[in-house]
Amino acid sequence: MTGMVTNMIKGIIFDLDGVLVSTDELHYQAWKKLAMDLGIMGFTKEDNARQKGVSRMDSLEIVLEKGNKRYSDEEKLTFADQKNNFYIELLQRLTDDAVLAGVKETLIMLRKKGLLIGIGSVSKNTPLILEKTGLKSYIDQISCGLDISKSKPDPEVFLVAAKKLGLLPVQCLVIEDSKAGIIAAKAANMRSLGVGPEYEQLGADYKYKNLQCEIDWDSILNS
Ligand code: G6P
Ligand code: MG
């Protein structure tokens, strides 16, 4: 009986890009621009899909492997900065229009049920995005790229989120749109719900196209 009570879900940890906000599209635009500036023409949306949940430097490698030049570590840092500067420029225009359908309603409903809300995102731009979109006031704790040293699929970002929420990993449900994120959730010993264009292929415990779907929260939360 005691075991059942401790294992009940008490907190929901949301990934940010592609789960709460449509910034994944802006990441794509910024990487595409960098690719073009470097004369790399073959960088596509499919390559971009592999960048989801992946750190900035690892995402850069996915762009560079489409070209045929080798670069020094110093040059790579410069390229990552260039991409981020362009991305931040795009983020300046972000408003609550970028909040994905069903997100606010879901956050309000979960809070009403007494659940804690956390963010688990590798992005170092998380604070700026939450500020610009007005989502900050719906969130209890943020764990992001600024808090961690290992990117997803490492579980670090989710373990930090659980700790900040004052919960055990088994008391948390992760909501993700990336494979790396679902692997990270499993490695953290957390249950997972997959959303987004690839929701059926992510390997999540629960699968829904997006947060606008009729999600059977009661059965998920009482499982
Ligand atoms: C998220 C996105 C990735 C991005 C990473 C780092 O995980 O899904 O595509 O590369 O954050 O984001 P940043 O804003 O710090 O470059
Ligand atoms: Mg994501």
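Biologist: What does Gln51 touch, leaving out residues up to four places away in sequence?

Modeller: In this predicted model, Gln51 touches Trp31, Phe43, Ser59, Ile62 and Val63. Touching here means heavy atoms within 4.5 Å. Gln51 itself is found in the loop between helix H3 (45-49) and helix H4 (56-64).

Biologist: Why is Gln51 called buried?

Modeller: Buried means under 20% relative accessible area. Gln51 has 6% relative accessibility, so Gln51 counts as buried.

Biologist: Which residues does UniProt list under "binding site"?

Modeller: The unreviewed UniProt entry lists Asp15, Leu16, Asp17, Trp31, Ser59, Lys83, Ser121, Val122, Ser123, Lys124, Asn125 and Lys152. From this set, the lining of the largest pocket takes in Asp15, Asp17, Trp31, Ser59, Lys83, Ser121, Val122, Ser123, Lys124, Asn125 and Lys152.

Biologist: What makes a residue count as part of that lining?

Modeller: A lining residue has an atom within 4 Å of a point of the pocket.

Biologist: Take Ser121 and Lys124. Where in the fold are they?

Modeller: Ser121 lies in the loop between strand E2 (116-120) and helix H7 (126-133). Lys124 has its place in the loop between E2 and H7 as well.

Biologist: Why is Ser121 called buried, and why is Lys124 called partly exposed?

Modeller: The cut-offs are under 20% for buried and over 50% for exposed, with partly exposed in between. Ser121 has a relative accessible area of 1%, so Ser121 is buried. Lys124 has 47% relative accessibility and therefore counts as partly exposed.

Biologist: What makes the pair Ser121 and Thr126 a polar contact?

Modeller: A polar contact needs N or O atoms within 3.5 Å, one able to donate a hydrogen and the other to accept it. The side chains of Ser121 and Thr126 are joined at 3.5 Å, a value that lies at the limit.

Biologist: Arg56 came up as a partner of Lys124. What else is in contact with Arg56?

Modeller: Arg56 lies in helix H4. Apart from neighbours within four places in sequence, the contacts of Arg56 are Trp31, Ala80, Asn84, Lys124 and Asn125. The side chains of Arg56 and Asn84 make a polar contact of 3.5 Å. At 25% relative accessibility, Arg56 counts as partly exposed, because that class runs between 20% and 50%.

Biologist: How do you know that His27 is buried?

Modeller: The relative accessible area of His27 is 17%. The limit is under 20%, which means that this value falls in the buried class. His27 lies in helix H2 (residues 23-37) and, beyond four places in sequence, is in contact with Asp17, Lys83 and Tyr87. With Tyr87 there is a polar contact of 3.1 Å, side chain to side chain.

Biologist: What does the domain assignment give, and how far apart are the centres?

Modeller: Domain 1 is 11-21 + 99-222, and domain 2 is 23-92. Their C-alpha centres lie 24 Å apart. The contact takes 16 residues from domain 1 and 14 residues from domain 2. About 1200 Å² is buried between the two domains, and carbon and sulfur atoms give 51% of that area.

Biologist: What makes Ser178 a cap of helix H9?

Modeller: A side-chain oxygen of Ser178 lies 2.9 Å from the backbone nitrogen of Gly181, at the N-terminal end of H9. In H9 (residues 179-187), the buried residues include Ala180, Gly181, Ile182, Ala184 and Ala185. Their cover includes helix H8 (156-165), strand E4 (172-176) and strand E5 (191-194).

Biologist: Why is Asn189 called exposed?

Modeller: Exposed means over 50%. Asn189 has 51% relative accessibility, so Asn189 counts as exposed. Asn189 is found in the loop between H9 and E5, and its phi is near 65°, a positive value in a residue other than glycine.

Biologist: Which peptide bond is cis, and what is its omega?

Modeller: The bond joining Lys152 and Pro153 is cis, with omega about 15°. Pro153 lies in the loop between strand E3 (141-143) and H8.

Definitions and conventions:
Residues are numbered from 1 along each chain as its sequence is written. Chains are lettered from A and ligands numbered from 1 in the order in which they are written. This is a predicted model: local features need pLDDT of at least 70, side-chain atom pairs count only at pLDDT 80 or more; totals for chains, interfaces and linings use all residues. Side-chain values use heavy atoms; hydrogens and water are left out. UniProt positions are given in the numbering used here, feature names are shortened, and annotations may be inferred rather than shown by experiment. On a 1 Å grid over the protein atoms alone, a cavity is a set of points where a 1.4 Å probe fits but cannot get out, and a pocket is an open set with protein on both sides within 12 Å along at least five of seven lines; lining residues have an atom within 4 Å of a point. Helices (H or I, at least four residues) and strands (E, at least two) are DSSP runs, numbered from the N terminus. Buried means under 20% relative accessible area, exposed over 50%, partly exposed in between (1.4 Å probe, protein chains only). Domain bounds come from an automatic or database domain assignment. Buried area is the accessible area (1.4 Å probe) that two parts lose on being put together, summed over both.
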